[in-house]
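Please open the model in your viewer and keep the sequence panel beside it. The tour below moves from one selection to the next and says what is to be found at each stop.

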Amino acid sequence: MKRVINFMGIRHVAFALTVLVTIVSLVSLVTRGLNFGLDFTGGTLIELSYEQPVALDTVRAQLGEAGYGSAVVQSFGATTDVLVRMPGDDPLLGQRVAEALQRADAGASVAVKRVEFVGPAVGEELRDQGGLGMLLALAGILVYVAFRFQWKFGFGAVVSLFHDVIVVLGVFSLFQITFDLTVLAAVLAVIGYSLNDTIVVFDRIRENFRVLRKTELIDNINISTTQTLLRTLATSISTMLAILALMVFGGENLWGFSLALMVGVGAGTYSSVYIASLFLIWLKLTRDDLIPPAVEEVDERP
């Protein structure tokens, strides 16, 4: 057998690091909270139309100089259409924004196509539904893994996924990065990615229980993790390269989404080894746990 990496040899150090990062994230979430974007807090949506194509960075700079620094600027369909989202419910806000942009560039022609207001009640409902969606996803994963493997596997998988979510939310809370619907979508994607990584390791651990009958659990985990290491690294690195491209070339609108994915992929790769597998040790997983209970045969003869 090729050289086996002793991943579990530093499990106590990894657990201390996990506790530290989790506590920092939770404290930040409790004391600072999340910096919710307009998707959750409500605000005004303004669709503008230019006669000529316009750069979004130019529009952001002009709005910032006009005192609308909190505005979120996005492209909308054609290169001449711009979508602006900002706090406030003033019915004249759209016209004021258009006039400010017109003053900043006298040669441009800016027209307001529509103005919509998203109330805080709608944003609160989105936030609650998003949180409920994450909880239901974790509950469904627990049931699936417990059915597919064994309840000890399911418990370890859910704890590792909970860790990944807390770390992502903690980063956004600690640095007060805007948390909007795209970031929520990234968090849900992280749950799926991390679960896939964990299932690969779990499947190899279960298989090695049958192949390496006299091997202890810790050795089994080290062997299984080593055997899946190349696959894990290849998947994680290729995924991170794609996310890095989004961060660099995706613009401001996709930066939060990309950052959440980047942090989540890193946390998910770590947790599949040092959290999910660690709980198998604490729960004292044995080979007998994977043997289905014997079914007693009933003699139907008279």
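Begin by selecting L259, which lies in helix 10 (residues 255-274); helices here are DSSP runs of H or I with at least four residues, strands are runs of E with at least two, and both are numbered from the N terminus. Before going further, note that this is a predicted model in which local features need pLDDT of at least 70 and side-chain atom pairs count only at pLDDT 80 or more, while totals for chains, interfaces and linings use all residues. Residues are numbered from 1 along each chain as its sequence is written, and side-chain values use heavy atoms, with hydrogens and water left out.

L259 counts as buried because its relative accessibility is 13%, where buried means under 20% relative accessible area, exposed means over 50%, and partly exposed lies in between (1.4 Å probe, protein chains only). Show its surroundings next: apart from neighbours within four places in sequence, L259 is in contact with F172, I177 and M247, contact meaning heavy atoms within 4.5 Å.

Now extend the selection to the whole of helix 10, where 16 of the 20 residues are buried.

Is S272 buried or exposed? S272 counts as buried, because its relative accessibility is 1%. Its side chain makes a polar contact of 3.4 Å with the side chain of D197; such a contact is a pair of N or O atoms within 3.5 Å, and within protein one must be able to donate a hydrogen and the other to accept it, with residues adjacent in sequence counting only if both atoms are side-chain atoms.

Move to H163 in helix 6 (residues 151-174), which counts as buried because its relative accessibility is 8%. The side chains of H163 and D164 are joined by a polar contact of 3.1 Å, and, beyond neighbours within four places in sequence, the contacts of H163 include T18, T22, Y270 and S271.

Next, colour the largest nonpolar core, which has 51 residues, with V145, F172, F179 and F202 making the most contacts inside it; a nonpolar core is a set of buried Ala, Val, Leu, Ile, Met, Phe, Trp, Tyr and Cys residues joined through side-chain atoms within 4.5 Å. Among the elements giving two or more residues to this core are helix 5 (120-148), helix 6, helix 7 (181-211) and helix 10, and the largest share, 13 residues, comes from helix 7. A second, separate core of 16 residues includes L48, V84, L101 and A108.

For the last stop, select strand 4 (residues 78-86), in which seven of the nine residues are buried. Strand 4 runs antiparallel to strand 2 (residues 43-50), joined by six bridges, and antiparallel to strand 3 (residues 72-76), joined by five; strands pair if DSSP finds at least two bridges between them. To see individual partners, pick I46, whose bridge partner in strand 4 is V84, and then Q74, which stands opposite L83.
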